[in-house]
Amino acid sequence: MNDFIDLTGASGATYRFRRRAVAGDHLPIAGNFALVTIEDGKVTVSTLGKSNDLSRLMAPTEPPEAQVYTRLNVARAIRTAEHDDLAAAYPSAQVIEH
């Protein structure tokens, strides 16, 4: 299982995300998140989001092999810009704000 993944936005910028520990709680900090599955080294993004408090994210239930990856981003303007860039690059992903 990869602890880190890099997702590339529509602008070409690369954003590093860290896998959220299944059993551990996340810090109550703002950031971006992605729900992904990784099969044979290929990352498939099913959900992209941003949150003012990543500790409130629920563990994924579908698909069962999905993992939550987070990127800490306290500044709202940066968090929003990165979220929009990633959403444009992954148009089939569900986009949510938490």
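**Core and sheet**

Analyst: This is a predicted model. Its largest nonpolar core has 11 residues: Ile5, Leu7, Tyr15, Phe17, Ala34, Val36, Val45, Leu48, Tyr69, Leu86 and Ala93.

User: Which elements give two or more residues to this core?
Analyst: Those are strand S1 (4-8), strand S2 (14-19), strand S3 (31-39) and strand S4 (42-51).

User: What about a second core?
Analyst: There is a separate one of 6 residues, and Leu35, Leu57, Ala66 and Val68 are among them.

User: Back to Leu48. What is Leu48 in contact with, leaving aside neighbours within four places in sequence?
Analyst: The list is Leu7, Phe33, Ala34, His83, Leu86, Ala87, Tyr90, Ala93, Gln94, Val95 and Ile96.

User: New topic: how many strands form the sheet, and in what order?
Analyst: The open sheet is formed by 6 strands, ordered S1-S2-S5-S3-S4-S6, with mixed pairing.

User: Which are the edge strands?
Analyst: S1 and strand S6 (94-97), each of which pairs on one side only.

User: How are neighbouring strands turned against each other?
Analyst: By 35° on average, ignoring direction.

User: And how many bridges join S3 to S5?
Analyst: There are 6, and S3 runs antiparallel to strand S5 (residues 67-72).

User: Where does helix H1 pack?
Analyst: Helix H1 (residues 76-89) packs on the sheet and touches S1, S2, S3, S4, S5 and S6. The direction of H1 makes about 145° with that of S4.

Methods. Residues are numbered from 1 along each chain as its sequence is written. This is a predicted model: local features need pLDDT of at least 70, side-chain atom pairs count only at pLDDT 80 or more; totals for chains, interfaces and linings use all residues. Side-chain values use heavy atoms; hydrogens and water are left out. A nonpolar core is a set of buried Ala, Val, Leu, Ile, Met, Phe, Trp, Tyr and Cys residues joined through side-chain atoms within 4.5 Å. Buried means under 20% relative accessible area, exposed over 50%, partly exposed in between (1.4 Å probe, protein chains only). Helices (H or I, at least four residues) and strands (E, at least two) are DSSP runs, numbered from the N terminus. Contact means heavy atoms within 4.5 Å. Two strands pair if DSSP finds at least two bridges between them. Axes are lines fitted to C-alpha atoms, for helices over the stretch in contact, and angles run from 0 to 180 degrees between N-to-C directions.
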